[in-house]
Amino acid sequence: MLAINISTPKSIMQDLKDKFKQKRLSLNLTQEGLSNKSGVSLGSIKRFETSGEISFESLLKIALVLNCLDDFKNIANKKDEQYDSMDDLLKIKPIKKRGAIK
């Protein structure tokens, strides 16, 4: 049987909440301790660890305390592309500076 692993926003959210909880526990921090150090409310931390729901700003504050804030710098970076020929390279469209109204 072929195993297919498709990432969805929900599955990534679940994975992140589990990783953050494990990181918190590995640093021997309680939810309350993380709340005090990060400035994120205890309720937000509890909600995050159960449902994965949290504001982006709060997630970054928690990441700072858990020493993983730099991991967010790599999100949405352009991946290095490889080209087989100069023709392939010339076919690349320039990066858009503005969106279009649709």
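This is a predicted model: local features need pLDDT of at least 70, side-chain atom pairs count only at pLDDT 80 or more; totals for chains, interfaces and linings use all residues.
**The overall picture**

The protein has five helices and zero strands. Read from the N terminus, its elements run α-α-α-α-α. Of its 102 residues, 23% count as buried. The accessible surface comes to about 8,700 Å², and 54% of that surface belongs to carbon and sulfur atoms. Among contacts between residues at least 6 apart in sequence, 48% join residues at least 24 apart.

Helix H4 covers residues 56-65, and its buried residues are Ser58, Leu59, Ile62, Ala63 and Val65. They lie on the same side of H4 because they cover an arc of only 160 degrees around the axis.

What do the buried residues of H4 pack against? Their partners are helix H1 (9-26), helix H2 (31-38) and helix H3 (42-51).

**H3 beside H4**

Helix H3 has its own buried residues: Ser44, Ile45, Phe48, Glu49 and Ser51. These pack against H1, H2 and H4.

| Helix | Buried residues | Packs against |
|---|---|---|
| H3 | Ser44, Ile45, Phe48, Glu49, Ser51 | H1, H2, H4 |
| H4 | Ser58, Leu59, Ile62, Ala63, Val65 | H1, H2, H3 |

The backbone just beyond each helix is worth a look too. H3 is followed by Gly52, whose phi is positive, near 90 degrees. Just after H4, Asn67 takes a positive phi of about 60 degrees.

In soluble globular proteins, nonpolar side chains tend to be buried together. In this model, the largest nonpolar core has 13 residues, and Phe20, Leu34, Ile62 and Leu66 have the most contacts inside it. H3 and H4 each supply at least two residues of this core. The largest share, four residues, comes from H4.

Which residues does Leu66 touch, leaving out those up to four places away in sequence? The list is Phe20, Lys23, Arg24, Leu27, Leu29 and Leu34.

Notes: Residues are numbered from 1 along each chain as its sequence is written. Side-chain values use heavy atoms; hydrogens and water are left out. Buried means under 20% relative accessible area, exposed over 50%, partly exposed in between (1.4 Å probe, protein chains only). The arc is that of the directions from the helix axis to the C-beta atoms. Contact means heavy atoms within 4.5 Å. Accessible areas come from the Shrake-Rupley method with a 1.4 Å probe; for residues, only the protein chains shown count as cover. A nonpolar core is a set of buried Ala, Val, Leu, Ile, Met, Phe, Trp, Tyr and Cys residues joined through side-chain atoms within 4.5 Å.
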